[in-house]
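Me: I have a protein structure open and would like to learn how to read it. Could you take me through its features one by one?

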Amino acid sequence: MKRLCVFAGLCLMSAAALAQVNRADTADAHHLDEVQVVDSRRQHVVTSTAPLHVLDRGDMLRLGVVDMADALHRLPGITLRDYGGAGGMKTVSVRGFGAKHTGVSYDGVMLSECQSGEIDLSRYSLDNVGSISLIVGDNDDIFIPARQASTPATVNIQTLRLPTDDLQPHLTTQLKFGSFGYVSPFVKYEQNVNDRFAFSAIGEYTYAENDYPYTIKNGVETISDRRNNSRMNSGHGELNFIWNINTHNRLTGKVYYYDNDRQLPGQVFYYSNTSRETLRDRNFFGQLLYQTHWGEQLSLKLNGKFNWTASLYDDGVVASQITDGDYYQREVYGSAALLYLPDSHWAFDYSLDYSFNNLNSTLDTDVRPYRNTVLQSATAKYRDERLTVMARLFYSLYLNGAKDGAAADDMRRLSPSLSLSYLLFPHFRVRASYKEIFRAPTFNENYFFHYGSKDLKPERTEQLNLGLTWDGEVGNTSVQATLDGYYNTVKDMIVAIPYNMFVWNCINVGKVRVLGLDATLRGSHRLSAQHVLTLSGYYSYQRAQNRTNQESLYYNNQIAYTPEHSGSLTLAWENPWVNLSTHLTAVSERWSTNEHLDGTRVKGYYDWGATAYRDFRLGKGMAEVRFDLKNLTDRQYEIVGSYPMPGISYQVSLHYKF
């Protein structure tokens, strides 16, 4: 009954909005035909009221970005957990908040994971990605679904745009192969049927053995072995379309399917490298986006999505104490956003989202939980030549239920945020932002057998950022730099407490304080008409401290897997012959537990790589050949404790488009 009432309310509000408005686009652009922001992505990085970092398609090629994990390593403030190899799970946290506090958006619609709350980014390849951006705080584009404002930080993945300049079919083919049995073919067909309708179809397959060698030390003895039970076998397909109904109305859609049947390598210990675990992940979703506008002041954006996810886990050991289980998630999601532009300086947005999630499994202890979520966002933005100010009130309502057991508590909260950017001098801006938000417990934290607790309160987060940005040109050199200091807190942090060896329970006891600094630099120098040098890099400092109990021996300890220091540096040379780049990523030591117990220190590491590529005309199309070397020094290191990363490896990419 609750779900029906909420859904009916959403439909009525959407209908009322449709009766009043007929305009769509962002507060920064007024043309539906091109759906673009007036400021370029580069300019937006320095004018944004909150930290924004962007890697577009050209950056990823120029800077030698190989895969999604490599792209995330080039963004400041991100802590990546990588379980090794092409098929290893990869999750991100930003500025000490944890992976559950980091949202991921795919073509404007947030991805969801109601079971664990962590998005595995290893399933998203870069072959069809146009840009990746990281927003810490609130997005300056206020014309967005409410869910996109529901996390402290958001990673936005935007796929390549469909062609608009001709009515010819376009075919893109690519073959990548590399070390440890890696091979990945990719094909994309795209066409404008007429001047109003275009579509694309994408297919991708990836296979890798991931049986890379590694070494571990046991006193004076060095043990050499190879990763086993690491094979991945995945496929991904998409159908996309865009329909410009007329100059005022646009409809876009996507159908997505992903299937990954993989083995799960276990932790590596002395004289032990045995694992038989397997996991099959399947994900299907379909989404629609409708935009419309009437006149110059009112715009409407409607989103709808259905998502289905299956995780089929097999421990592979008959006597295991871990129970095999199949888990199934479903989500129905709808969003309506209304934008009002009274004049050239002011913009107002109201967004309303509704979603229904449920989870069931083959476990005997499954209670079949479900959740109705209503998110509302009211935003005001003012902008002139020097000043941009944005204020938002965000209301969250979570209504929990369980078909075969006691439900978790319902929860609601009103969260404010405020951000501004001011041009002090030509090319030099100061920015400041504050955001409060909270995270509802995941289904695992509420209901998992001998682990969850239905009485959990939500985690509350606060973040305060103060930064400086500068961009300018001196002769043939252009430079863009940002410097941001921040102070974050997490209250009522959910932690798992053991009662005995096999029974744990989640409770609200944790507190975390994070002091940090992010600095970025991007410079480009034109040596001549055909020779350009590009330098890009960042440095991040994070002091993420456990502030739960002053009497504890672990008080002020650095939070698990959060390095104090991390950074990246890339030098690229574009020329008429072969474009070259070299890049270095470095991370300081971390701890695999909050308690910093003996044997849980994870050593720091650096990873040095190089890229060479060239594109040239071949027949009626363009061909590109690319060669990547990773971990040139063949260093043995770990990102997650006891999960060794690959040593030196290579990857070759052959790309052709016509």
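Me: Let me start with one residue. Is glutamate 238 buried or exposed?

Reply: Buried means under 20% relative accessible area, exposed means over 50%, and partly exposed lies in between (1.4 Å probe, protein chains only). Glutamate 238 has a relative accessible area of 2%, so it is buried. Keep in mind that this is a predicted model: local features need pLDDT of at least 70, side-chain atom pairs count only at pLDDT 80 or more, and totals for chains, interfaces and linings use all residues. Residues are numbered from 1 along each chain as its sequence is written, and side-chain values use heavy atoms, with hydrogens and water left out.

Me: Which residue does glutamate 238 meet in a salt bridge?

Reply: A salt bridge is a side-chain nitrogen of Lys or Arg within 4 Å of a carboxyl oxygen of Asp or Glu. Here the partner of glutamate 238 is lysine 254, at 2.7 Å from N to O. Lysine 254 is in strand E14 and glutamate 238 in strand E13 (residues 232-246), so the bridge ties together parts 16 residues apart in sequence. Strands (E, at least two residues) and helices (H or I, at least four) are DSSP runs, numbered from the N terminus. Lysine 254 is buried too, because its relative accessible area is 4%.

Me: How many salt bridges are there by this rule?

Reply: The count comes to 26. One of them joins arginine 262 and aspartate 120, whose closest N and O atoms are 3.2 Å apart. This pair links distant parts of the chain, 142 residues apart. Arginine 262 is in strand E14, while aspartate 120 is in the loop between strand E5 (109-110) and strand E6 (129-136). Arginine 262 is buried, with a relative accessible area of 4%. Aspartate 120 counts as buried at 9%.

Me: Which residues are linked in a network of salt bridges?

Reply: Asp59, Arg62, Arg522 and Glu574 are linked that way. Look also at arginine 626 and aspartate 628, a salt bridge with its closest N and O atoms 2.7 Å apart. Both of these residues are buried.

Me: Now the rings. What describes a pair of aromatic rings?

Reply: Such a pair is described by the distance of the centres and the angle of the planes. Rings of Phe, Tyr and Trp (its six-membered ring) pair if their centres lie within 6.5 Å; planes under 30 degrees apart count as stacked, over 60 as edge-to-face and the rest as tilted. A search of the whole structure finds 20 aromatic pairs. Tyrosine 106 and tyrosine 256 form an edge-to-face pair, 5.8 Å centre to centre with 70° between the planes. Tyrosine 106 lies in strand E4 (residues 102-106) and tyrosine 256 in strand E14 (residues 249-263), so the pair ties together parts 150 residues apart in sequence. Both tyrosines are buried.

Me: Why is the pair of tryptophan 346 and phenylalanine 348 stacked?

Reply: Their ring centres are 5.7 Å apart and their planes are at 5°, so the pair is stacked. Tryptophan 346 counts as partly exposed at 36% relative accessibility. Phenylalanine 348 is partly exposed as well, at 32%.

Me: Which residues form one aromatic cluster?

Reply: Tyr106, Tyr124, Tyr256 and Phe285 do.

Me: What joins the side chains of asparagine 465 and aspartate 484?

Reply: A polar contact of 2.8 Å joins them. A polar contact is a pair of N or O atoms within 3.5 Å; within protein, one must be able to donate a hydrogen and the other to accept it, and residues adjacent in sequence count only if both atoms are side-chain atoms. Asparagine 465 is in strand E23 (residues 459-474). At 4% relative accessibility, asparagine 465 counts as buried.

Me: Where is arginine 226 found?

Reply: Arginine 226 is in strand E12 (residues 221-226). A polar atom of its side chain lies 2.7 Å from the backbone oxygen of aspartate 211. The C-alpha atoms of arginine 226 and proline 213 are separated by 4.1 Å, though these residues are 13 apart along the chain. Arginine 226 is partly exposed, with a relative accessible area of 40%.
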